[in-house]
Amino acid sequence: MSNQPYASTASPHLSADCEQCFGLCCVALPYGKSSDFAFDKASGTPCPNLRTDNRCGIHTQLRQKGFKGCTVYDCFGAGQKLSQVTYAGKDWRDHPESAKEMFDCLPALRQLHELLSYMKEMMMRPETSSLHSAFGELYEEIERLSNLEPAALLRLDIADYRSTVNQLLVQASEMVRAHVPSTSQGQGKSKKSKNVPEVTFWCQLKRADLRGASFRGL
Ligand code: SF4
């Protein structure tokens, strides 16, 4: 198996395209005053920095102004899909009757797109070739769900789908980690021993060779 560095091949429809979106995350999602956000904002309330053209008024100064959280948020392309596909270009400003439903759909569709993104990545990896067909079937099913109309989307038990996809992702992760360079210590194993105190464990990370390590559950 190749040890070539892996180049991510994220699909454009699974990456945020804010120019095609009605600024949905800036309205739908709540945030609290913290190191990530400068003040509190409730779900469904437009961020005061969101302009009427759906652009951010402080986009180039987000970190300096205390909005580090916005710079790391990723909707995995759910925002533009809701705006342009699910709601066919009908902005919540012009259609206030749909606004709440549209905002409620964002976290749901984001989760489905997140799963699609992970599966897409695993289907591009040669190490997981024996799982590609299983991933392909699940990908098709989740993609179909992501195109449901809003009411049906909101009725989905997404935790259930997450759990199904997760089982495959865990197997895929083991396969990928099994092919890290052989100099890695304890490749494929969790680096956390039950007998190592938490503080000591984290202090040891600085010197540790973490290639192939699993941090699940830490
Ligand atoms: S929901 Fe996604 S596409 Fe829309 S503004 Fe936020 S990050 Fe951009």
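**Exercise 1.** Find the angle and the axis distance at which α4 and helix α5 pack, then name their arrangement and handedness.

*Solution.* Step 1: α4 and helix α5 (residues 132–146) pack at about 155 degrees, and their axes are 10 Å apart. Keep in mind that you're looking at a predicted model. Step 2: angles over 145 degrees count as roughly antiparallel, so α4 and α5 are roughly antiparallel to each other. Step 3: check the handedness, and you'll find that α4 and α5 make a left-handed crossing.

**Exercise 2.** Work out how helix α3 meets helix α4.

*Solution.* Step 1: take helix α3 (residues 78–86) and helix α4 (residues 96–123); their axes come within 9 Å and cross at roughly 120 degrees. Step 2: this makes α3 oblique to α4. Step 3: the crossing, as α3 passes α4, is right-handed.

**Exercise 3.** Describe the surroundings of the ligand.

*Solution.* Step 1: list the neighbours. A16, D17, C18, C21, G23, C25, C75, G79 and Q80 surround the ligand. Step 2: sort them by type. The shell around the ligand has 5 nonpolar, 3 polar and 1 charged residues. Step 3: look at the space itself. What the ligand takes up is the largest pocket.

Definitions and conventions
Residues are numbered from 1 along each chain as its sequence is written. This is a predicted model: local features need pLDDT of at least 70, side-chain atom pairs count only at pLDDT 80 or more; totals for chains, interfaces and linings use all residues. Side-chain values use heavy atoms; hydrogens and water are left out. A residue is near a molecule or strand if one of its heavy atoms lies within 4 Å of it. On a 1 Å grid over the protein atoms alone, a cavity is a set of points where a 1.4 Å probe fits but cannot get out, and a pocket is an open set with protein on both sides within 12 Å along at least five of seven lines; lining residues have an atom within 4 Å of a point. A molecule sits in a cavity or pocket if more than half of its atoms lie within 2 Å of its grid points. Ala, Val, Leu, Ile, Met, Phe, Trp, Tyr, Cys and Pro count as nonpolar, Asp, Glu, Lys and Arg as charged, and the others, Gly among them, as polar. Axes are lines fitted to C-alpha atoms, for helices over the stretch in contact, and angles run from 0 to 180 degrees between N-to-C directions. Helices (H or I, at least four residues) and strands (E, at least two) are DSSP runs, numbered from the N terminus. Angles under 35 degrees count as roughly parallel, over 145 as roughly antiparallel, 65 to 115 as roughly perpendicular and the rest as oblique. A crossing is left-handed if the near helix is turned anticlockwise from the far one by less than a right angle, and right-handed if clockwise.
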